[in-house]
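Thank you for coming, everyone.

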Amino acid sequence: MIRIEHLTKKYGDEAVLNDISLTIEPRDIYGVVGQSGVGKSTLLNCINRLEEFESGTIDVDGLRVETLSRRELRIFRKNVGMIFQDFSLIGRKNVFDNIAMPLECWGYDRVKIKRRVEELAEIVGLEEKLAVRPAELSGGQKQRVAIARALTLNPSYLLSDEATSALDPKTAISIVKLLQDINHRYGITIVLVSHQLDIVESICNRVCILEQGRVAEEGMAESLFDRPSIALRSLKGELTDA
Ligand SMILES: Nc1ncnc2c1ncn2[C@@H]1O[C@H](COP(=O)(O)OP(=O)(O)OP(=O)(O)O)[C@@H](O)[C@H]1O
């Protein structure tokens with residue numbers, strides 16, 4: 001469980017996140033939506049402490065993220081995979097070596113690395129592409145490599161920052177299905193930041209809408225999308241400013 005309480009994060013004097021409190025339950029696919037610049041990526045980056053924050057607490061499975069030492073943080077991050085819009089793959093390494101990177105960092109032996117990489121390649125449907133470099137892959141295939149790499153250390157959590165935003169609609173749906181499958185089969189909790197509301201509606205069970213650094217609305221995706229609030233209608237562009 002991720003429990004965020006009274007989180008405030010500033011850049012300079014400006015609070016990008018202002019007193020955010022929310023709870024992400026195990027096995028959730030939890031959507032975070034909001035206008036561009038509202039602080040969605042910052043919120044994700046606070047969860048695995050890629051960003052430090054001024055006040056508030058983030059508790060992940062009983063660990064207080066803001067109190068972790070550098071060594072504890074390294075271990076904590078094994079449990080929290082992350083994927084990005086730009087895939088963040090290493091161009092000079094092939095698919096096998098890209099997926100293997102976290103295992104190599106943790107000093108696993110070659111036999112274990114080979115077994116795990118092949119297992120993950122099968123899960124994401126890239127068994128035939130292990131020897132290929134990222135430049136020879138489609139966007140969807142690149143994101144599959146990134147997903148496999150994010151799962152190498154068996155995390156309980158996957159943070160997804162606009163992972164489908166650079167993909168065409170059909171490919172985006174195939175990645176969404178893969179994320180759904182990973183959530184169902186392995187019980188991995190997913191926190192999904194996206195501006196693609198149709199995707200959030202199709203995959204997330206809970207959603208929070210951020211507005212001006214605050215939680216404008218939070219709840220079950222079904223009820224939120226069935227009876228759109230002012231916050232959601234505004235995000236959809238259905239309301240014009242008076
Ligand atoms: N390192 C930084 N230093 C200063 N300001 C930053 C930094 N990173 C982000 N910001 C600012 O913080 C605000 C929130 O940024 P963030 O990337 O979290 O928004 P977002 O909701 O994810 O936006 P988008 O949907 O466009 O990706 C923005 O105004 C951004 O300019």
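Predicted model: local features only at pLDDT ≥ 70, side-chain atom pairs only at ≥ 80, totals over all residues.

Ile203 has 23 other C-beta atoms within 10 Å, and because the cut-off for a buried residue is 20 or more, Ile203 counts as buried. If we leave aside the neighbours within four places in sequence, Ile203 is in contact with Ile29, Val176, Leu179, Gln180 and Leu192. Ile203 and Ala221, which are 18 residues apart in sequence, have C-alpha atoms that are 9.0 Å apart in space.

Now let us step back to the whole chain. The protein chain has nine helices and 10 strands. Its radius of gyration is 18 Å, close to the 18 Å that the globule rule gives for 242 residues, and therefore the chain is as compact as a globular protein of that length. Taken along the principal axes, the C-alpha atoms fill a box of roughly 60 × 40 × 30 Å, and buried residues make up 37% of the 242 residues. If we consider contacts between residues at least 6 apart in sequence, 67% of them join residues at least 24 apart.

An unreviewed UniProt entry carries the annotation "domain: ABC transporter" for residues 2–237. In the model, that span is 39% helix and 27% strand, and its end C-alpha atoms lie 31 Å apart.

How is the chain divided by the domain assignment? Domain 1 consists of 1–79 + 159–242, while domain 2 consists of 88–154. The C-alpha centres of these two domains lie 25 Å apart, and the contact between them takes eight residues from domain 1 and seven residues from domain 2. On the side of domain 1 that touches domain 2, helix H6, residues 169–186, gives the most, with four residues. That side of domain 1 divides into five nonpolar residues, two polar and one charged.

Next, please look at the ligand. The residues that surround the ligand are Tyr11, Val16, Gly34, Ser36, Gly37, Val38, Gly39, Lys40, Ser41, Thr42 and His195. By class, this shell holds three nonpolar residues, seven polar and one charged. Which helix gives the largest share of the shell? Helix H1, residues 40–47, does so, with three residues.

Six of its eight residues are buried, so H1 is largely enclosed by the rest of the structure.

I will finish with two backbone details. Most residues other than glycine have a negative phi. Arg49, which follows H1, is found in the loop between H1 and strand S4 (55–60), and its phi is positive, near 55°. Asn154, in the loop between helix H5 (139–151) and strand S7 (157–161), also has a positive phi, of about 55°. Is each of these residues buried, partly exposed or exposed? Arg49 counts as partly exposed because it has 17 C-beta neighbours inside 10 Å, whereas Asn154, with 11 such neighbours, counts as exposed.

Methods: Residues numbered from 1 in each chain as written. Domains from an automatic or database assignment. Contact = placed C-beta atoms within 7 Å. Helix = DSSP H or I, 4+ residues; strand = E, 2+ residues; numbered from the N terminus. Nonpolar A, V, L, I, M, F, W, Y, C, P; charged D, E, K, R; others polar. Near = placed C-beta within 6 Å. Buried ≥ 20, exposed ≤ 12 C-beta atoms within 10 Å, placed from the backbone. UniProt positions renumbered as here; feature names shortened; annotations may be inferred. Rg over C-alpha atoms; globule rule 2.2 N^0.38 Å.
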